[in-house]
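Subject: Structure handover

Hi,

Please open it before you read on, as my notes refer to it throughout.

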Amino acid sequence: MTDSYTKAVNSGFTKSLAKKLGLPRPAILRRYRAGDPLTVGPVLVLSDDASRGDADSLAKELLGWSLDVRREPTDDARWGAVLLVLTESARPTDVSGAVLAAGSVLRRLAPNGRVLVVSRAATDGDAPELAATRSGVDAFLRSLAKELRYGATANGLVLTDGAAADGTSALAALRFFLSARSAYVDGQQLRVGATPSDAADSPADLDRPLAGRVAVVTGAARGIGAAIAKTLARDGATVVCVDVPAAGEALARTTNAVGGTALQLDVTADDAGTRILEHARSRHGRLDIVVHNAGIVRDKLLANMGPAQWDAVVAVNLDAQLRINAQLLGADGGAGVEGLRIVSLASTSGIAGGKGQTNYGFSKAGVIGHTRATAPLVAALGGTANAVAPGFIETDMTAAMPFVTREVARRLPTLQQGGQPVDVAEAVAFLASPAAAGINGQVLRVCGQHLVGR
Ligand code: NAD
């Protein structure tokens with residue numbers, strides 16, 4: 001639910017009062033609904049001269065998605081999105097024309113519009129000019145995201161290892177960022193590699209990309225986990241909902257809502273991975289997706305911290321994920337699950353840290369670390385391992401924060417509001433989808449461009 005301040009500054013008398021007083025005016029964000037148009041208006045595709053070939057192929061793909069695609073900035077349009085293609089820019093001076101052309105239309109970017117920058121990753125062997133140009137895109141994008149208003153966002157696709165701009169995973173990422181599914185993702189760059197040749201192509205039904213897949217979601221009884229279970233089910237997956245026995249009633253509610261099965265299990269159990277695999281295979285015949293969402297906070301200053309806070313947080317948030325992954329990937333000598341998609345919940349606190357959160361920060365930075373290390377192991381079995389790092393999301397976990405801290409945390413991101421559980425769920429569903437096969441070892445932040453952390 002949108003918080004009451006955001007609702008107030010978007011309606012009637014309080015809207016004009018907030019405007020007069022110069023108070024923050026967070027926008028009502030557009031979220032995904034089946035059947036809604038992909039973008040809120042025409043898409044302008046711009047590039048520098050060298051990147052024109054990639055811009056042409058992307059424009060062609062967008063036309064195939066029934067979008068109104070234009071190649072010249074004009075005054076008459078209310079733009080739904082601007083796609084800036086800089087894949088072949090080689091010198092800093094190359095980008096000027098395209099960047100300034102994009103700037104010239106930003107005043108006519110519609111509320112909830114999108115700016116997307118497609119570029120290539122700088123690598124160690126690059127010439128200094130090339131490295132400078134490719135690296136420059138990073139803070140150009142983050143700065144631009146901070147300038148957009150009315151729920152519009154800017155994000156970047158960074159192609160790695162010679163990945164094609166119109167490869168399956170690049171197009172899937174482009175579609176995710178253009179769509180309302182990425183409502184609370186802002187100022188982020190996602191690295192996209194070449195799609196493995198044996199990976200599934202784009203699904204026939206773009207609204208049900210997970211049809212036929214079996215997914216396990218831990219901590220599914222409530223909050224973000226429940227939203228993930230519902231979103232994966234909406235996208236076609238059969239979902240196994242896992243939570244502790246004490247959350248049995250709420251777990252049953254989520255399970256009924258998604259038409260899946262429930263597994264009452266404490267993820268810190270020694271055999272949690274084996275039990276998850278047994279349940280998925282015996283009840284549904286296969287296991288394709290694991291979402292490590294179960295997590296707890298036990299905030300205390302380190303000076304006051306004891307094992308009840310430190311050990312519990314590390315056990316649930318980090319050690320359980322490591323043990324379950326090891327069991328699923330066959331590290332104990334068993335056969336690893338082929339083609340597994342692992343998505344782990346990290347946090348912006350695992351990037352920037354947080355006062356009273358040495359335990360939580362350790363656990364969530366640990367999640368980012370193990371995701372990167374697990375990526376090549378799971379790739380060897382045809383799968384991927386990625387993490388999603390939420391910022392401030394409106395759940396029972398954040399409702400327990402003191403009022404002032406909570407209100408400040410809500411207004412700090414560029415989007416000036418907390419995210420909804422479904423915003424995190426959309427990112428998870430995207431990373432778990434077959435077309436995202438070329439995205440591995442990445443951390444996608446869903447934080448409204450939170451002030452802290454990169
Ligand atoms: P929540 O407290 O609302 O829900 C967490 C769920 O995990 C609960 O249903 C709980 O019963 C379950 N759980 C806890 N320990 C478990 C265990 N040992 N075994 C199985 N299930 C267990 O939390 P949330 O806000 O929905 O957060 C979900 C995830 O997102 C967590 O990993 C959290 O750290 C992360 N996250 C949340 C936010 C936020 O702002 N809410 C921000 C960043 C990251």
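My notes below cover the sheet, the core, the ligand shell and a few single residues.

Please keep in mind that this is a predicted model.

**The sheet**

Start with the open sheet. It has seven strands in the order E9-E8-E7-E10-E11-E12-E13, and the pairing is parallel. Strand E9 (261-264) and strand E13 (443-446) are the edges, each pairing on one side only. On average, neighbouring strands of this sheet are turned by 20° against each other, direction ignored.

Look at strand E7 next. E7 (residues 214-218) pairs with strand E8 (residues 238-243) in the parallel sense, over five bridges. Within that pairing, Val216 has Val240 of E8 as its bridge partner. E7 is mostly covered, with five of its five residues buried. Val214, Val216 and Thr218 point one way from the strand. Ala215 and Val217 point the other way.

H15 lies across E7, strand E10 (289-292), strand E11 (341-345), strand E12 (384-390) and E13. Against E12, H15 runs at about 165°.

**The core**

In soluble globular proteins, nonpolar side chains tend to be buried together. Here the largest nonpolar core has 129 residues. Which residues have the most contacts inside it? They are Val82, Val216, Val217, Leu232, Val388 and Val428. H15 gives the most to this core, with nine residues.

Two of those names, Val216 and Val217, are also buried residues of E7, pointing opposite ways from the strand. Leaving out residues up to four places away in sequence, Leu232 touches Leu210, Ala215, Val217, Ala237, Val239, Ala429 and Ala432.

**The ligand shell**

There are 27 residues around the ligand. Gly219, Gly223, Gly295, Thr395 and Met397 come nearest. Helix H7 (223-234) and helix H13 (396-399) are the elements that give two or more residues to this shell. By class, the shell holds 13 nonpolar, 10 polar and four charged residues.

**Single residues to check**

- Tyr150: phi is near 55°, a positive value in a residue other than glycine. Tyr150 sits in the loop between helix H5 (128-147) and strand E5 (153-159). It has 14 other C-beta atoms within 10 Å, so Tyr150 is partly exposed.
- Gln449: phi is near 60°, again positive in a residue other than glycine. Gln449 is found in the segment after E13. Is Gln449 buried or exposed? Gln449 counts as buried because it has 22 C-beta neighbours inside 10 Å.

Arg283 is a further one to look at. Arg283 is found in helix H9 (residues 272-284). With 13 C-beta neighbours inside 10 Å, Arg283 counts as partly exposed. Arg283 and Ser169 are 114 residues apart in sequence. In space they are 31 Å apart, C-alpha to C-alpha.

Best wishes

Methods. Residues are numbered from 1 along each chain as its sequence is written. This is a predicted model: local features need pLDDT of at least 70, side-chain atom pairs count only at pLDDT 80 or more; totals for chains, interfaces and linings use all residues. A residue is near a molecule or strand if its C-beta atom, placed from the backbone, lies within 6 Å of it. Helices (H or I, at least four residues) and strands (E, at least two) are DSSP runs, numbered from the N terminus. Ala, Val, Leu, Ile, Met, Phe, Trp, Tyr, Cys and Pro count as nonpolar, Asp, Glu, Lys and Arg as charged, and the others, Gly among them, as polar. Two strands pair if DSSP finds at least two bridges between them. Axes are lines fitted to C-alpha atoms, for helices over the stretch in contact, and angles run from 0 to 180 degrees between N-to-C directions. Two residues are in contact if their C-beta atoms, placed from the backbone, lie within 7 Å. A nonpolar core is a set of buried Ala, Val, Leu, Ile, Met, Phe, Trp, Tyr and Cys residues joined through C-beta atoms within 7 Å. A residue is buried if 20 or more other C-beta atoms lie within 10 Å of its own, exposed if 12 or fewer, and partly exposed in between; C-beta atoms are placed from the backbone.
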